[in-house]
Amino acid sequence: MGDGRWRAAGSALMRVIAVWAVSTLTMLALAGILPDFQLQSDDGDSITKTAFTAAWGAGAFGLLSALVWPVLVRALLIVPAYFLGLLVFFLNGSLLLIALRLIPDGRGAADPETAVVVAAVMSAVASATSTALAVRDDNAYRRRLSRLADRRRRRSGTDGGDGEPPGTVFIQLDGVGHDVLVQAAAEGLMPTVARWLADTDGHRLTPWRTDWSSQTGASQLGILHGSNHDVPAFRWYEKETGDVMVSSRPASALELQRRAVARTRDGGLLTVDGASRGNLFSGGADQLALVLSMAARLGRGRRSRSGYFAYFSDPANAVRTAGSFVAEVGREIAQSTRARLRKETPRIKRGGLYPFIRAFATVVERDVVVAAVMGDMFAGRTAVYADLVAYDEVAHHSGPRSRDAEKVLARLDRSLALIAKVTEHTPRSYRIVLLSDHGQSPGETFAGVYGLTLKDLVRAGSGLPVPRRAQRTRSGSEARDAVRIALHRPVAEGEEAQVTKASDPVVLASGNLGLISFPDIEGRASTEQLDRRHPALLGTLANHPGIGFLLVRSERHGSVVLGRDGVRIPVAELVDGQGPLAPFGPGAADAIRRTDTFPHVADVMVNSMYDPVTGTVHAFEEQIGSHGGLGGDQSRPFLLWPRGMTDPLEAAAGEGEPRVAELVGAEAVHRVLRCWLREVSGPQVPVRQDRDPAGRTARWTRRGQGRGSGADAGTGARG
């Protein structure tokens with residue numbers, strides 16, 4: 001036993017010396033390359049003296065980095081998260097300047113700009129060296145993980161080990177449809193997923209069907225909180241308050257979460273020792289990072305951004321992610337330029353800030369969320385739910401089956417492989433469940449095909465003036481709003497949400513789903529009211545070739561679906577595959593009937609056309625890959641789970657009920673995920689029920705077992 005400890009101490013000492021030596025050589029090389037960085041006196045020094053100076057400086061810099069960074073991370077909680085990566089560089093450079101001042105005889109000197117570069121390079125080299133040595137020394141790595149596990153068990157008072165039930169990690173691949181996943185696995189783009197599917201003891205895959213509103217706000221609210229009632233779209237107008245609800249706006253997300261908790265009387269899927277990472281909603285988790293609904297509240301919002309700080313507290317992470325960020329910006333510029341030169345269609349504008357928004361979604365958010373998930377696993381948390389939005393953001397602008405989107409899928413698969421590898425070293429076993437919240441359907445935009453937006457068409461049908469040049473309907477992606485939250489900037493409302501006159505219609509777009517509301521008509525407007533006020537409106541919309549059908553209310557017939565050539569079918573009599581619903585496939589009628597019961601359903605709900613041969617729709621936003629309505633792959637996400645867990649069709653039905661034929665709706669997926677957690681963790685019993693303004697229970701636990709909070713998100717990851 002004693003010999004093992006001495007060997008471990010000796011091995012650790014040798015690693016420290018090796019990192020120090022490499023850092024010293026790096027500092028010497030940089031001093032020879034950079035004119036504004038010196039390690040010698042003005043009269044010159046011998047090679048030995050210069051090497052001693054470099055060793056002193058490298059050692060001082062390493063020691064300061066190890067001791068000062070934890071303190072700085074706590075002090076940086078007031079800094080906008082998006083700026084943290086840049087701030088790390090400047091602080092790192094400041095530490096280097098301090099280290100140079102500590103060199104005897106004042107032989108070290110550098111300009112501030114040069115110090116930032118030197119510090120970044122040295123941090124990257126030291127991290128790479130340390131990682132390489134750790135990879136070569138598996139025993140040291142396992143000992144480190146064992147210490148993390150022991151520390152957690154001491155905090156929680158549990159013995160862990162083989163007797164502890166497995167934890168569950170839910171990874172949401174935002175916007176990845178079932179058929180896209182199958183194709184990516186078959187073509188070798190996602191070898192990790194392909195291996196899970198091919199292994200007889202691996203995973204099983206099934207599609208599920210979304211509600212009419214096939215978008216993250218509705219799906220994730222239903223999955224995490226068990227109810228997405230009264231969420232008719234990604235954004236909608238509420239007449240009683242005059243507010244436009246936007247799923248990715250923190251204040252709206254917080255209110256939606258509050259409504260769901262009030263309706264279900266339950267905190268959410270993650271109330272028992274859970275963690276929510278990169279999501280719109282908390283799911284009732286105590287551990288939060290990058291959760292939009294919590295960003296609306298000062299105290300909890302700062303806490304929800306802690307994932308950024310936990311990740312960027314390591315300067316090497318900042319260097320690596322910043323480099324990847326710059327590379328992704330360049331990649332997007334190159335890809336959009338190539339598409340423009342080749343005159344690829346469909347195509348939308350991808351200039352302005354979009355390259356940076358894409359890089360944020362595909363690099364910064366991915367890296368932070370993956371690191372937080374690994375930290376949760378090292379901490380041994382019971383349930384983790386994380387959303388990776390990279391594919392969804394790129395597919396909106398490049399197309400769901402484009403080369404650009406395929407490359408993103410390949411990089412996401414590498415993240416999955418990393419998370420799967422971590423399970424070999426965590427203090428408890430983990431089951432990895434992969435799922436998506438919706439798919440995406442391709443197609444040229446409505447404005448691109450017909451030369452006018454849905455708002456223009458509504459105004460024309462209402463006899464209102466229409467701009468000579470069609471104005472673009474800004475794309476409303478979660479990533480764009482997440483960047484604004486990271487910058488501490490308010491989420492801007494689109495022009496379509498601004499009501500200039502009380503009599504003007506409010507026209508909102510959610511992918512290929514449009515919502516038209518008349519603020520000056522109390523309650524839900526009827527066809528009779530609209531015909532009296534705007535006789536040509538409903539006919540103009542229903543007969544337009546880019547529109548599939550309308551949902552409106554009639555005073556005489558109740559709610560009806562309107563199609564071309566005067567077709568009018570009461571909602572109660574809708575049949576899948578017939579009339580205006582003929583192209584939309586199974587489940588469309590029930591989805592419309594459910595939405596029709598929502599208190600905030602729009603006066604006129606507009607679904608674009610859908611071509612079942614090509615699978616295309618026409619988005620009312622600037623997106624060539626869209627989701628939000630009915631039609632095609634957008635309504636067909638997937639669920640991938642390890643064999644041995646209860647079949648989803650049985651879990652969705654409930655105990656003692658016959659299995660369902662298929663998974664329909666996000667609320668059904670919630671029942672499945674909750675069943676999987678319950679079958680290994682036992683009943684959930686509240687320790688106390690102090691609820692915050694979001695309706696989230698402060699702390700829950702499994703019967704007979706308390707839990708601590710575990711390690712900070714993003715810590716404990718290898719290298």
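This text walks through a predicted model, from the whole chain down to single residues.

Start with the overall numbers. The protein chain has 719 residues, and 57% of them count as buried. Its secondary structure comprises 23 helices and 23 strands. The chain exposes about 29,300 Å². Carbon and sulfur atoms supply 55% of that area.

Six strands, given here as 6 in the order β12-β13-β17-β14-β15-β16, form an open sheet. Their pairing is antiparallel. The edges are β12, residues 506-510, and β16, residues 568-570. Each edge strand pairs on one side only. Neighbouring strands are turned against each other by 20° on average, with direction ignored. In general, strands of a sheet pair through backbone hydrogen bonds, either parallel or antiparallel.

Look inside the sheet at β14 and β17. Strand β14 covers residues 547-554, and strand β17 covers residues 604-608. The two pair in the antiparallel sense over 4 bridges. Within this pairing, Phe 549 stands opposite Asn 607 in β17.

Helix α17, residues 454-461, lies across β12, β13, β14 and β17. Helix α17 runs at about 150° to β12. Helix α21, residues 588-596, lies across β14, β15 and β17. Its angle to β14 is about 40°.

Next, the surface. Which residues make a nonpolar surface patch? Phe 52, Trp 56, Ile 98 and Leu 102 do, and the patch has an area of about 390 Å². Trp 56 belongs to helix α2, which spans residues 47-75. Is Trp 56 buried, exposed or partly exposed? Trp 56 counts as partly exposed, because its relative accessibility is 38% and that class lies between 20% and 50%.

Finish at a loop. Gly 644 lies between β21, residues 638-642, and α22, residues 648-651. Gly 644 counts as exposed because its relative accessible area is 80%, and exposed means over 50%. Gly 644 and Arg 204 are 440 residues apart along the chain, yet their C-alpha atoms are separated by 9.7 Å.

Conventions:
Residues are numbered from 1 along each chain as its sequence is written. This is a predicted model: local features need pLDDT of at least 70, side-chain atom pairs count only at pLDDT 80 or more; totals for chains, interfaces and linings use all residues. Side-chain values use heavy atoms; hydrogens and water are left out. Two strands pair if DSSP finds at least two bridges between them. Axes are lines fitted to C-alpha atoms, for helices over the stretch in contact, and angles run from 0 to 180 degrees between N-to-C directions. Contact means heavy atoms within 4.5 Å. Patches are made of residues with over 30% relative accessible area and no salt bridge: like charges are joined within 9 Å, nonpolar side chains (Val, Leu, Ile, Met, Phe, Trp, Tyr) within 5 Å. Accessible areas come from the Shrake-Rupley method with a 1.4 Å probe; for residues, only the protein chains shown count as cover. A salt bridge is a side-chain nitrogen of Lys or Arg within 4 Å of a carboxyl oxygen of Asp or Glu. Buried means under 20% relative accessible area, exposed over 50%, partly exposed in between (1.4 Å probe, protein chains only).
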